[in-house]
Amino acid sequence: SSTGPSKSYAYRPVLRHCDNALFRLILLVCFWACSSLGVKAQAPSHVPVFELDPAAERQSLVGHAEFLRADRPMTWQQVLGGEAGPFEPVVDTNLGTDDRDRDHWVRLCVRNPAPDALYQVVELHRAINVTAGDVYLFDQKKILKRWSVRDVEQGGAVTLGTPQVAVSVLFPASSSRTLLFRLHSPVSRIRVQPRLWNADAFFDHNQEKQAATWAFYGLMIVMGLYNLVLFANLRDRVYLWYVGFVFSGLLMNSLRLGDALLYLPLEVCLVMWAPTPFAVVSTSVLFTRRLLDCGRYSTRLDSGLLVFAACVAIVGGLASVVPYQVGDIALRSIGIPVIFCLLYPAYRAVRIGVPSARLFLGTFAILVAGVSIRVLCGINLLPTNLFTTNASALGMAIQVVLFAVALARRYTQLQAEMREQGDMLAETQTQRLAAQAETLAAQEK
């Protein structure tokens, strides 16, 4: 691969204090984002009936939902009869559980106080990778309608080809309706946000969301293919690791958002679910190592990053055959080492003046900011809108673009170094030939 000539980078003491401040700021943001994940709300003793507002486009049903984890498959009659135990009131923004391969039941009660009947869309936002389930509509204890979560052809609960669970319900005037959701996901935690939509606003929101999602996918595919062509021509492995990072990140996002289930068989998604985060980590570390030319200023750091990336890749391969819980624990355990392996080389590279090091740090900060916005939105510290909902994907898209800019700057720098070396070599040869000519001329005299 084209690594260019050796060059000793000059240390820049003027930037030392600025670099230290930037490094500490990024670590502080990372700590803040990780700490935000643990924020929990205390459940109330009872769940009030939700009074819908006919004029509102979107209303949160958080605080008006009940959650139940069933130890075995049950019918709705058994669940409502109390055989599975009591429902638990939840006020967190996510009705969440870490259990997999079991049924999870969500119960909502909504009342329409208006004098006219209203059509509303009841949505379980972020009910991604729900592979089976049902939605039941009740008037008191009488069942009025049943939908299948994946039965799209029969008016099922998946609307517009998107992975969220949403049903259109007619709420009669001055009356209430109860909805009971049965959800099952073998690959992910259940993390849902119940919301109530005006029908027109819901469909408009979905169109905007789909446009943003496909713009993200299109950008990732174009950047990946373009740099794959560059790798085929330049044979520099940094482009190969960039392509691996882009496509593994694309696959991971499509699996986590549930879009992969719309186009790939469930069995394929189950196999790819666990290894893809490890692939993202491994390729990002290898890309960092090559982009920042760690071998030029620290062979020990370069070797350490290579060994760490290889270990992560091996663990990722094993994650596809071990129980999901084991792979999940392994993924969580490498979080802090990954941050260190990405930030510390960049920090050292900035201090000694490596090209693109500052851009790399800024790119990482943008990704952290996107993830932090998404986390803060999830705990209701920021409003939920198209930007905050897709902040993490937007951060990754910006990261991919800026990484490409960093690669271009690196290539330009290498070309300049090669031209400089070529000029020095040509000058040396010219001087040598001139000296030889003078020697021959002296000998002839």
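Author: The largest nonpolar core has 53 residues, and Tyr 242, Val 285 and Leu 292 have the most contacts inside it. This is a predicted model. Two or more residues each are given to this core by α3 (199-234), α4 (237-257), α6, α7 (294-297), α8 (299-319), α10 (335-351), α11 (357-378) and α13 (391-444). Among these, α13 supplies the largest share, nine residues.

Leaving aside residues up to four places away in sequence, Tyr 242 touches Met 223, Asn 227, Phe 287, Val 400, Phe 403, Ala 404 and Leu 407.

There is also a second, separate core, of 25 residues, which includes Val 122, Leu 124, Val 135 and Leu 137. Strand β7 (residues 118-125) pairs with β10 in the antiparallel sense, over seven bridges. In strand β10 (residues 165-171), five of the seven residues are buried, so the strand is largely enclosed by the rest of the structure.

Back on the helical side, Ser 248 is found in helix α4. Ser 248 has a relative accessibility of 9% and therefore counts as buried, the cut-off being under 20%. With residues up to four places away in sequence not counted, the residues that Ser 248 touches are Ala 279, Val 280 and Thr 283.

The next item is helix α6 and its neighbour α5. Two packed helices are described by the angle between their axes and the distance between the axes. For helix α5 (residues 266-273) and helix α6 (residues 275-291), the axes come within 5 Å and cross at roughly 45°. That angle makes α5 oblique to α6. The contact is formed by Val 271, Met 272 and Trp 273 in α5, which meet Pro 275, Thr 276 and Pro 277 in α6. Sorted by class, this contact of α5 with α6 has five nonpolar residues, one polar residue and no charged residues.

Trp 273, one of the residues in that contact, has its place in helix α5. The relative accessible area of Trp 273 is 4%, so this residue is buried. Trp 273 and Ser 320 are 47 residues apart along the chain, and their C-alpha atoms are separated by 7.8 Å.

Key:
Residues numbered from 1 in each chain as written. Predicted model: local features only at pLDDT ≥ 70, side-chain atom pairs only at ≥ 80, totals over all residues. Heavy atoms only, no water. Axes fitted to C-alpha atoms, helices over the stretch in contact; angles between N-to-C directions. Helix = DSSP H or I, 4+ residues; strand = E, 2+ residues; numbered from the N terminus. Parallel < 35°, antiparallel > 145°, perpendicular 65-115°, else oblique. Contact = heavy atoms within 4.5 Å. Nonpolar A, V, L, I, M, F, W, Y, C, P; charged D, E, K, R; others polar. Buried < 20%, exposed > 50% of the residue type's maximum accessible area, 1.4 Å probe, protein only. Pairing = 2+ DSSP bridges. Core = buried A, V, L, I, M, F, W, Y, C linked by side-chain atoms within 4.5 Å.
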